[in-house]
Amino acid sequence: MNQKKVLFTIFGATGDLAQRKLYPSLFRLYRTGSLAESFAVIGTARRPWTDETYRDIVKETIAYLNPTEQEAVEFASHFYYQAHDVNDTHHYDTLKILANKLDEQYQLEGNLLFYLAMSPNFFGTIVSHLESQGMLSSDGYHRVIIEKPFGTDFETANKLNDEITSVFSENEIYRIDHYLGKEMIQNISAIRFANNIFESMWNNRYIDNIQITIAENLGVEDRGGYYDKSGALKDMVQNHILQVLSLLAMEPPVAFSEKEIRAEKIKALEAVRIYTPEEVKENFVRGQYDTGLLNQESYTGYRQEPGVDEESETETFVAGKFTIDNFRWSGVPFYVRTGKRLTEKGTRINIVFKQVPINLFKSEVGKKCEQPTLEPNILTIYIQPTEGFSLSLNGKEVGPSFDMLPIQMAYRNSTETMENTPEAYEKLLLDALNGDGTNFTHWHEVAQSWRIVDVIRQTWDENTPEFPNYPAGSMGPDAAFELLKKDGFKWIWTP
Ligand code: NAD
């Protein structure tokens with residue numbers, strides 16, 4: 001096992017993300033041997049914790065992974081805490097002294113990985129202080145992992161990017177989209193490029209439409225304050241949905257490498273049509289959940305959630321049609337949908353293939369009667385909570401007639417397999433340690449995604465929505481179903 005030598009500095013070390021995701025992921029890397037003796041973690045945040053308190057918290061966050069007492073103590077001994085206000089330059093001097101000491105103590109060869117697990121408002125300040133206070137003068141690599149959201153529109157993202165790239169170069173910046181660390185998202189490329197039956201048909205001659213759904217059954221929980229300023233379009237479509245779309249739509253890369261894959265994803269995003277306001281109105285719908293009943297449980301409406309404005313116009317649901325203007329996809333709608341308080345939690349992709357040119361089958365031999373309808377062939381990729389894929393085909397129903405029966409061939413990864421696979425954050429941390437940016441978003445992807453989404457946002461902001469417009473526990477407003485119906489299609493997944 002190639003053991004990594006590295007000093008992690010985690011900004012926002014007391015926060016939710018650090019505790020729920022980062023410490024358990026670091027522990028898994030420790031357990032599998034990617035991290036061993038030569039690593040140390042400096043956690044910084046405002047709270048005046050001691051190293052002991054910090055180590056106790058770290059141990060608590062990994063308790064569910066059932067470490068032995070010795071494992072937990074040894075792992076946590078690599079963690080150091082530094083109370084710090086990111087706006088105060090002097091604190092970076094203290095950080096630097098600690099960083100140098102740990103570098104020597106653990107023989108880290110000057111490798112520095114900064115994780116900015118804080119509000120993006122601070123990213124610019126942090127990176128500029130890292131440089132001005134001489135924290136980036138060590139001999140090893142200097143990398144920075146950045147959490148979402150990357151800006152709130154193209155302009156703010158561009159400004160943020162300028163701030164970060166004035167200190168770190170593009171290949172030192174790892175913009176997290178944790179969807180890209182998910183097993184089945186990475187499997188999209190395997191399904192496409194390792195199976196000739198799919199790749200040869202992966203175009204507008206054989207595919208009718210593609211559907212991407214990211215459904216949540218939860219509401220905003222305790223994130224109402226944050227969510228109300230963001231909404232589903234910025235929270236989900238700009239990043240996760242457009243990333244999934246680019247993986248589905250990209251041309252086959254000449255090699256399965258960071259450089260080649262990113263280049264193809266960027267080209268795919270550049271081919272997504274940036275709509276006019278009129279086209280936005282035709283192709284995108286928004287929703288907000290009202291009170292509702294599901295499985296005999298009643299749920300409050302979005303406007304009654306804690307932290308949410310009583311007259312909020314924030315959307316908790318988006319459905320839309322993207323159009324990709326290139327040879328491969330011209331004429332194939334990419335329908336996307338995401339929302340909160342929907343019927344069921346699940347992320348799924350449905351690839352709907354075109355029908356055979358003529359339906360030859362009659363339900364009774366020799367008699368003139370209605371033809372049985374043929375269902376389209378559908379390839380479904382299940383991302384979460386179950387992971388796997390299925391293919392629906394038409395077969396003959398057993399019996400004297402020639403009725404068609406849709407048959408589903410399904411493969412699901414078993415629970416045991418999934419328990420032993422690395423978590424998204426674990427994989428992404430390891431990628432960053434390896435210097436592999438394939439599963440992170442390049443600036444050009446972020447920028448293009450904002451250009452695509454900004455016009456939708458601006459068009460919506462000019463009109464007052466009729467909210468709330470879907471009951472909690474449903475699959476969104478009627479308009480989301482109309483969107484496909486007017487094209488002669490329907491949502492394949494209707495839980
Ligand atoms: P959080 O509010 O729980 O934690 C914020 C951290 O920042 C705390 O450690 C706090 O002490 C520190 N902090 C705030 N102001 C500071 C200052 N002036 N100086 C020093 N430290 C300061 O936030 P979170 O949920 O952990 O999210 C962190 C980042 O990760 C955000 O960008 C968020 O959008 C992103 N993110 C979080 C999640 C998640 O599951 N929590 C998921 C995706 C993305």
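Analyst: The open sheet consists of eight strands in the order β8-β12-β13-β7-β14-β15-β16-β17, with mixed pairing; strands here are DSSP runs of E with at least two residues, helices are runs of H or I with at least four, both numbered from the N terminus, and two strands pair if DSSP finds at least two bridges between them. At the edges lie β8 (284-287) and β17 (404-412), each of which pairs on one side only. Neighbouring strands of this sheet are turned by 15 degrees against each other on average, direction ignored, where axes are lines fitted to C-alpha atoms, for helices over the stretch in contact, and angles run from 0 to 180 degrees between N-to-C directions.

The model is a predicted one, in which local features need pLDDT of at least 70 and side-chain atom pairs count only at pLDDT 80 or more, while totals for chains, interfaces and linings use all residues. Residues are numbered from 1 along each chain as its sequence is written.

Within the sheet, β15 (residues 378-384) and β16 (residues 388-396) pair in the antiparallel sense over five bridges, and L379 has L391 in β16 as its bridge partner. Helix α16 (residues 478-485) packs on the sheet, where the helix touches β8, β12 (317-322) and β13 (334-339), contact being defined as C-beta atoms, placed from the backbone, that lie within 7 Å.

Methods: Two residues are in contact if their C-beta atoms, placed from the backbone, lie within 7 Å.
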